[in-house]
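Here is a short tour of one protein model, written for someone new to reading structures. Keep the sequence and the 3D view side by side as you go.

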Amino acid sequence: MADIAKLVDQLSELTVLEAADLAKALEEKWGVSAAAAVAAAPAAGGGAAAPAAEEKTEFDVILTGDGGKKINVIKEVRVITGLGLGEAKALVEGAPKALKEGVNKDEAEKIKKQIEEAGGTVELK
């Protein structure tokens, strides 16, 4: 039993990249699905999946509302997306809608700030 406890301790010290490499190696060696091995790692390793959520690099910027300042928000949406007036108006009126998808954190925060300054509400996913 002591060897299993030692192995669990070693697995809990792995970085996310090391855990992914381990999953690939197990898949090649034993034919185990990498998804199953990664899903089992947090149970055995005590939270190896948590850093992956913190290291998210791509975000979707979702317009959730115009905050009662539709015209200002439409203007900002046009600047951000390059849409025409009609398309930007339809996007704002159809909220919640994605403004941009797969953008980096800095750009997502910049867009969020622009929309919030115009009076709208934004969610980053």
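## Charged partners

Lys89 has a relative accessibility of 38%, so it counts as partly exposed. On this scale, buried means under 20% relative accessible area, exposed means over 50%, and partly exposed lies in between, using a 1.4 Å probe and protein chains only. Lys89 makes a salt bridge with Glu93, and their closest N and O atoms are 3.1 Å apart. The term salt bridge stands for a side-chain nitrogen of Lys or Arg within 4 Å of a carboxyl oxygen of Asp or Glu. Lys89 and Glu93 are separated by about one helical turn, because they sit four residues apart in helix H6. Glu93 is partly exposed too, with a relative accessible area of 42%.

Glu93 also forms a salt bridge with Lys70, where the closest N and O atoms are 2.9 Å apart. Lys70 belongs to helix H5 and Glu93 to helix H6, so this pair ties together parts that are 23 residues apart in sequence. Lys70 is partly exposed, at 32% relative accessibility. Together, Lys70, Lys89 and Glu93 are linked in a network of salt bridges.

How many salt bridges does the structure hold? There are three. One of them joins the side chains of Lys125 and Glu123, at 3.5 Å from N to O. Lys125 is partly exposed at 49% relative accessibility, and Glu123 is partly exposed with a relative accessible area of 36%. As a general idea to take along, side chains of opposite charge can pair when their charged atoms come close.

## How to read the model

This is a predicted model, in which local features need pLDDT of at least 70 and side-chain atom pairs count only at pLDDT 80 or more, while totals for chains, interfaces and linings use all residues. Residues are numbered from 1 along each chain as its sequence is written, and side-chain values use heavy atoms, leaving out hydrogens and water.

## The whole chain

Helices (H or I, at least four residues) and strands (E, at least two) are DSSP runs, numbered from the N terminus. Reading along the sequence gives the pattern α-α-α-α-β-α-α-β-α-β.

Of the 125 residues in the protein chain, 20% count as buried. Look also at contacts, meaning heavy atoms within 4.5 Å. Among contacts between residues at least 6 apart in sequence, 64% join residues at least 24 apart.

## The sheet

In what order do the three strands form their open sheet? The order is S2-S1-S3, with antiparallel pairing. Strands S2 (97-103) and S3 (121-124) stand at the edges with a single partner strand each, so one side of each is left without a neighbour in the sheet. Two strands count as paired if DSSP finds at least two bridges between them.

Strand S1 (residues 59-65) is joined to S3 by four bridges. Val61 stands opposite Leu124 in S3, and Gly65 stands opposite Thr121 in S3. S1 also pairs with S2 over four bridges, again in the antiparallel sense; here the bridge partner of Ile62 is Ala98 in S2. Five of the seven residues of S1 are buried, so this strand is largely enclosed by the rest of the structure.

The buried residues of H5 are Val73, Ile74, Val77 and Ile80. They cover an arc of only 130 degrees around the axis (taken from the directions from the helix axis to the C-beta atoms), which means they lie on the same side of H5. What covers the buried residues of H5 includes S1, helix H6 (85-93), S2 and helix H7 (105-118). Just after H5, Gly82 takes a positive phi of about 80 degrees.

Helix H2 (residues 16-30) has 15 residues and reaches 21 Å from its first C-alpha to its last, close to the 21 Å expected at 1.5 Å a residue. That expected span is 1.5 Å times one less than the number of residues in the helix. Gly31 follows H2, and its phi is positive, near 75 degrees.
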